[in-house]
Amino acid sequence: MIAERLQGVKDNIKNAAENRSSEKKDDVLLIAVTKNHDVAAMREAIDAGVTDIGENRIQEAKEKYATLDREVTWHLIGHLQTNKVKQAVKIFDIIHSVDSLHLAEAINNAAAGINKIQKVLVQVNLAKEDSKSGIYEEDLDELLYKVDELANLQLMGLMCIAPNYEDVEECRPLFAKMYKIFQKVKEMDFKTANILYLSMGMTHDYQIAVEEGANMVRVGTGIFGPRQY
Ligand SMILES: *Cc1c(COP(=O)(O)O)cnc(C)c1O
């Protein structure tokens, strides 16, 4: 079941990528979001070709990390509290949810403590939703320059979560705007940052996100079915 759904998602990504305007040529990386799904489901997905997984909560990820006997790239896609940063840097290859200097500094310190260069994305709250984390667009450049200064962080791009619109097409202008911001950020003069990734799109909107220029999508339900809480 997981393998079939995964193939369907990959086919949809391929079709969406073919619908992109000609200047968008990046490969699209699929992150399988495994929160609230067990290690058996993770193994099944990885054996069917998943290379990257996304988790939201540190405690859940920690238990799975200890149990999962597969090589895979770990993405933290959920909000990170500073008191969990130490555990996060031990587990995750990329942290998508940096949204303040305070958090960036905490991650930098924890990474320095284990001699790691932690890859990070900065999360943007483009629609300014109270319910979501992320920095506002007008404060973005300043945060990016400061993150770039932190020796144990490597800034690699941007992440955003679209509002849950009733009509998913309403996401399109927002994703298009994120892509414009991403293009602008790529041109900024950084010391060590290497701006490669634009992480946007979930089960209900990843095809639109890819059409508008996402090169990382985070899909859970579309691969694993509904989450059991
Ligand atoms: C849960 C989650 C996803 C995946 O959501 P689905 O709708 O199940 O695809 C993607 N991104 C973030 C930040 C999430 O929290």
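**Pockets and ligand surroundings in the model**

The lining of the second largest pocket consists of six nonpolar, two polar and two charged residues. Here Ala, Val, Leu, Ile, Met, Phe, Trp, Tyr, Cys and Pro count as nonpolar, Asp, Glu, Lys and Arg as charged, and the others, Gly among them, as polar. The model is predicted: local features need pLDDT of at least 70 and side-chain atom pairs count only at pLDDT 80 or more, while totals for chains, interfaces and linings use all residues. Residues are numbered from 1 along each chain as its sequence is written, and side-chain values use heavy atoms, with hydrogens and water left out.

A pocket is an open set of points on a 1 Å grid over the protein atoms alone, with protein on both sides within 12 Å along at least five of seven lines; lining residues have an atom within 4 Å of a point. The second largest pocket holds about 170 Å³ of space, a volume being the space filled by probe spheres set on the grid points, which are joined across faces, edges and corners. Among its lining residues are Leu6, Lys10, Ile13, Gly49 and Asp52. The helix α1 (2–18) and the strand β1 (29–33) each supply at least two lining residues; helices (H or I, at least four residues) and strands (E, at least two) are DSSP runs, numbered from the N terminus. The largest share, three residues, comes from α1.

The largest pocket contains about 350 Å³ of space. It is lined by 23 residues, of which Lys35, Asn56, Ile161, Met202 and Arg218 are the closest to its centre. The ligand sits in this pocket, as more than half of its atoms lie within 2 Å of the pocket's grid points.

Residues around the ligand (a heavy atom within 4 Å) include Val33, Ile77, Thr203, Gly220 and Arg227. Polar contacts are pairs of N or O atoms within 3.5 Å. Ligand oxygen atoms lie 2.4 Å from a side-chain N or O atom of Thr203, 2.8 Å from a backbone N or O atom of Gly220 and 2.7 Å from a side-chain N or O atom of Arg227. The protein buries 91% of the 390 Å² that the ligand exposes when taken alone (Shrake-Rupley method, 1.4 Å probe).

How values were computed
Polar contact = N/O pair within 3.5 Å; in protein donor to acceptor, adjacent residues only side chain to side chain. 1 Å grid on protein atoms, 1.4 Å probe; cavity = no way out; pocket = protein on both sides within 12 Å on 5 of 7 lines; lining within 4 Å.
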